[in-house]
Amino acid sequence: MGGALWNNLLRPVLFRMDPELAHELARWGARKAGTSGAVLSLIRERYSGRQTPGIERKVWNLRFRNPLGLAAGFDKSADMIPFLEALGFGFLEVGTVTLNPQKGDPKPRIFRFPHQNALVNRLGFNNEGAAAVRQRLKRWTDLAIPIPLFVNIGKNREVKPEDAPAAYRKTFDVVAPWADGVVVNVSSPNTPGLRNLQRTENLRRILEEIAEERERAVFVRGEGTHPVLVKLSPDLDDEGIEGVVEVSRELADGIVATNTTTDHSVIPEPARQRGGLSGAPLFARSTAVLRKVRQLAGPDYPIVGVGGIMDLDDASLKLDAGADLIQIYTGLVYGGPGTARSIIEGLAAEASARRKASLPSGE
């Protein structure tokens with residue numbers, strides 16, 4: 001499926017569909033492809049491309065074949081893992097997962113804005129629940145999926161703020177043993193009151209509960225530290241960012257910067273929809289937050305940069321701003337299945353050029 005085929009045929013067809021229907025169709029195809037070793041080999045040959053030395057990463061004692069991951073939201077139920085791995089990603093983040101199954105907000109709840117290369121979603125943590133996701137994570141562990149798998153956890157809509165720490169702990173208990181790491185989502189704009197959990201005292205209680213659970217957990221997958229990360233909002237002010245960084249440095253192992261934004265100023269007012277905006281318009285703000293987090297957290301604290309990466313240039317700028325790893329989501333929706341290969345091979349070429357430039361003259 002070359003770039004021309006995607007741009008000239010498949011994308012126009014999919015973009016005529018309702019966005020959620022198009023995603024479900026893609027999910028169905030990915031699941032089917034994932035059951036066939038022969039099909040996966042063909043996909044891997046076409047999309048993983050050539051070897052890309054020089055861009056491997058080691059973070060939290062986990063090895064990443066490249067720094068590009070897929071952000072949470074694309075594979076909410078952890079049922080597309082083999083297909084997504086075959087596209088060449090260095091790691092995957094599934095979810096958001098809540099303790100109990102949740103239908104999410106009423107449809108329609110995903111909206112495309114092609115002129116802005118943006119999406120708005122108000123899915124509302126629709127997912128099949130932690131137990132169902134655990135079963136799939138166990139399967140991928142048995143199949144030895146060769147890249148780190150992270151699971152993003154949230155709370156069910158009906159959970160009261162005072163009960164949130166216990167809910168996050170229980171969800172962690174169900175899914176974490178079968179993942180390489182967990183991302184604590186306290187920043188989605190689509191669950192009422194969720195972003196209040198980013199406040200220092202609230203976030204501290206959640207992370208303390210998870211830290212206690214991690215001490216007693218028996219991890220099945222991986223040999224790393226099984227890191228806990230906090231995903232923050234791009235809409236926080238400086239004081240809010242400082243609070244998240246302070247608590248995260250004390251009780252978590254890294255930060256994901258950032259989630260979607262409620263700033264829809266780039267969308268013409270008559271077309272605006274309630275929800276979180278992702279894609280190209282998010283890039284500048286999410287990258288500014290990333291720089292702020294790096295400044296506050298210091299040079300060695302792991303940060304995952306996500307928000308508005310659409311191509312190689314965006315990926316490079318996000319890494320230059322201080323990210324150790326990066327993720328895409330909307331970039332995959334608009335760019336198609338070849339997006340990961342394009343970015344990964346571009347990063348490898350840049351790394352090679354830097355190495356050559358650093359060699360003494362004549363070598």
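**Buried polar groups and aromatic pairs**

Asn185 is buried, at a relative accessible area of 4%; buried means under 20%, exposed over 50% and partly exposed in between, with a 1.4 Å probe and protein chains only. This is a predicted model, in which local features need pLDDT of at least 70 and side-chain atom pairs count only at pLDDT 80 or more, while totals for chains, interfaces and linings use all residues. Residues are numbered from 1 along each chain as its sequence is written, and side-chain values use heavy atoms, with hydrogens and water left out.

Asn185 belongs to strand S8 (residues 181-185); strands (E, at least two residues) and helices (H or I, at least four) are DSSP runs, numbered from the N terminus. The side chains of Asn185 and Asn152 make a polar contact of 3.4 Å. Such a contact is a pair of N or O atoms within 3.5 Å; within protein, one must be able to donate a hydrogen and the other to accept it, and residues adjacent in sequence count only if both atoms are side-chain atoms. Apart from neighbours within four places in sequence, Asn185 is in contact (heavy atoms within 4.5 Å) with residues including Thr96, Phe125, Tyr168 and Asn259.

Asp75 is in the loop between strand S3 (68-70) and helix H4 (81-86). Asp75 is buried yet has no salt bridge, that is, a side-chain nitrogen of Lys or Arg within 4 Å of a carboxyl oxygen of Asp or Glu. The nearest side chain of opposite charge is Arg27, 5.6 Å away; Lys and Arg count as positive and Asp and Glu as negative, with His and the chain ends not counted. A polar atom of the Asp75 side chain lies 3.1 Å from the backbone nitrogen of Met80.

Rings of Phe, Tyr and Trp (its six-membered ring) pair if their centres lie within 6.5 Å; planes under 30 degrees apart count as stacked, over 60 as edge-to-face and the rest as tilted. By this rule there are six aromatic pairs. Phe15 and Tyr334 form an edge-to-face pair, 5.4 Å centre to centre with 80 degrees between the planes. Phe15 lies in helix H1 (residues 3-15) and Tyr334 in helix H11 (residues 330-335), so the pair ties together parts 319 residues apart in sequence. Tyr334 is buried at 3% relative accessibility.

Trp60 and Phe64 are also paired edge-to-face, at 6.4 Å and 65 degrees. Trp60 is buried at 12%, as is Phe64 at 2%. Trp60, Phe64, Phe91 and Phe150 form one aromatic cluster.
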